[in-house]
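Subject: Structure handover

Hello,

Here is the structure that I am passing on to you. Please open it first, then read the notes below it.

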Amino acid sequence: MLAALRGAQRPPRVRRRRPVVAVVLLIVGASITVIGGLVQLAAYGTIYRGGQSAVGVSLIIAGPVLMQIGAVFLAPGILRRAAEVASRWGPGARLSTRDVARNPGRSGPALAAIMSCVFVATFVMSLQASLEINSTRTYTYTAPLNTAVVSLNVFEEEPAFEYVVQSTGPEVAAALDASFPSGQARLLSSVEQPFPGFTAPGEATDGAAVAPALPYPRIDPAALCPTDADRTGSGAQEFPADIRCPTPYYLDVANGARDDHIWVGDVDDLAAILGMPVSAQSRQTLAAGGAVSTYDEYLADDRIRLDWLTALNTSEEPTRSLTLAGSVQKPEHPLPYAIFMLPSTADAVGLDYRPTVAVSSLDAPPTVAELDQAQAALAAVSQDMSLTVEAGPDAYGATWSWALLALTAIIALVTATITIGLGRADGHRDSAVLRSLGASPWVRRAFGFWQAVVVVGLGSLIGVLLGLMPSLALSLTRDALGVSILPFAPPWLQLTLMVLALPALVAVGAALTAGGKRTGFSNRAVVD
């Protein structure tokens, strides 16, 4: 009895068959995960194979699930080793951890429940973080951050059902200035570009006249994806192994054909387009009668070429071409503005330009009241115009991670409370004997504290390690540029809190609630 009270009785030994089965399941699960990652990697070859990718994802998820089952079989042995380690921290730790190890029927399910919950939370957190990075990387900015944009190009719902540039630019700029005090509205002018058609050279449709030739900047052919993998109709399943592929969104005429590519204005207009100060090199290029490009692909031998075409996506020869001295100044993010020049340069080469967009660069995201006022002011000018404020990609990963961490904490707290409560119910007479023998309150409180540390701590640690495996396997896939399609970027802060702070929180709560009713004793004999 004294040996039991001081925790000297060791936990029962685990049968050898259980660890063997557990190790086999762990090895098989890890192998399945690795195979799933390789299958997923092979699916993203030159031709994307959707069915093979689905098989790879299934294997990647099934592997850690098998490893969890193996960890459950191995739980008694893990708890026994934990009891041996924790026994060095005093009688309270020795009593509680050996109680956990001696009762695997009570502590095992609790460990498995916490481990499974943490596994799912870790996997979802990591997946959400990867998807957020992907969406941020592929997000298409319409303007610099916190820039209000109103297009004057409005679609008319009457014959000939086409986009028509409105002449209400000054009124729109005044509405933006009145609604956003921190910004200064500017009217940006652009040059009309060829129609994005697919006609043969000189071909007219239904007797209609051939469209006029309009200027369009020529992209350096050496900078383009040879097969133009993003081109509509070219086969979205193709992923050429070429560092130039796919063609950037705005440079592909099938995607950016509606956005004018040649812009005309002063240096302040260029600063509004870039969202940053104009560099000295760009100022020098503009002053010398040249043009500034926001993409490297438009520059060849420090020159920018303009071709006059009747339609895009054709093999026709340009009716006219000219070259200008050029330089590149890239904004922080790719934007739908290709070439910029001063009005004097545009006039000298015979370009017709007109205001097509009103922008206002704001110091901070607008308030709801400012947005409502701007919408109302624009509605007074035209019912067909819409206001957009570039806010950047949504940052939803952190919100999901914190919500999942809170949910996991609640589940772990409930599970640990049930386990510790059952342990107290089973051992309340032992606690009373310890109290009668003069055990300090810390020994009694340490009982619940160390039970929570072992059960919640081990469950969280194993769950996090297994939960990271699917995300790590999914990150093996690479695109043509060698960049991970689903980058491995787990939210380390939330995972660290899950492994360290969550067990500590539950353990402190268990220690603080270790009081309770005292058990009375009587001197009556068991048998009268």
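**Salt bridges**

Arg 305 is partly exposed, with a relative accessible area of 29%; here buried means under 20% relative accessible area, exposed over 50% and partly exposed in between (1.4 Å probe, protein chains only). Its side chain meets that of Asp 307 in a salt bridge, 2.8 Å from N to O, and Asp 307 is buried at 5% relative accessibility. A salt bridge is a side-chain nitrogen of Lys or Arg within 4 Å of a carboxyl oxygen of Asp or Glu.

Before the rest, two notes on the source. This is a predicted model, in which local features need pLDDT of at least 70 and side-chain atom pairs count only at pLDDT 80 or more, while totals for chains, interfaces and linings use all residues. Residues are numbered from 1 along each chain as its sequence is written, and side-chain values use heavy atoms, with hydrogens and water left out.

The search of the whole structure gives six salt bridges. One of them joins Asp 266 to Arg 186, with the closest N and O atoms 3.4 Å apart. This pair links distant parts of the chain, 80 residues apart: Arg 186 is in strand E4 (residues 185–191), and Asp 266 is in the loop between strand E6 (262–264) and helix H8 (267–274). Helices (H or I, at least four residues) and strands (E, at least two) are DSSP runs, numbered from the N terminus. Asp 266 is partly exposed, at 34%. Through shared partners, salt bridges join Arg 186, Asp 266 and Asp 269 into one network.

Another salt bridge is formed by the side chains of Asp 296 and Lys 330, at 2.5 Å from N to O. Asp 296 lies in the loop between strand E7 (291–293) and strand E8 (303–309), and Lys 330 in the loop between strand E9 (320–328) and strand E10 (339–341), so the pair ties together parts that are 34 residues apart in sequence. Asp 296 is partly exposed at 38%, and Lys 330 is partly exposed at 47%.

**Helix H9**

In helix H9 (residues 280–287), Ser 282, Thr 285 and Leu 286 are the buried residues. They lie on the same side of H9, because they cover an arc of only 95° around the axis; the arc is that of the directions from the helix axis to the C-beta atoms. The face turned away from this buried side carries the exposed residues Ala 280, Gln 281, Gln 284 and Ala 287. The cover over the buried residues of H9 includes H8, E7, E9, E10 and helix H10 (343–348). Just after H9, Gly 289 has a positive phi of about 85°.

**Nonpolar cores**

A nonpolar core is a set of buried Ala, Val, Leu, Ile, Met, Phe, Trp, Tyr and Cys residues joined through side-chain atoms within 4.5 Å. The largest one has 21 residues, and Tyr 298, Leu 306, Leu 324, Ile 339, Met 341 and Leu 351 have the most contacts inside it. E6, E8, E9 and E10 each give two or more residues to this core, and the largest share, three residues, comes from E8. Beyond its neighbours within four places in sequence, Ile 339 has contacts (heavy atoms within 4.5 Å) with residues including Pro 217, Trp 263, Val 292 and Tyr 298. Apart from this core lies another, of 20 residues, among them Met 125, Leu 468, Val 506 and Ala 507.

Regards
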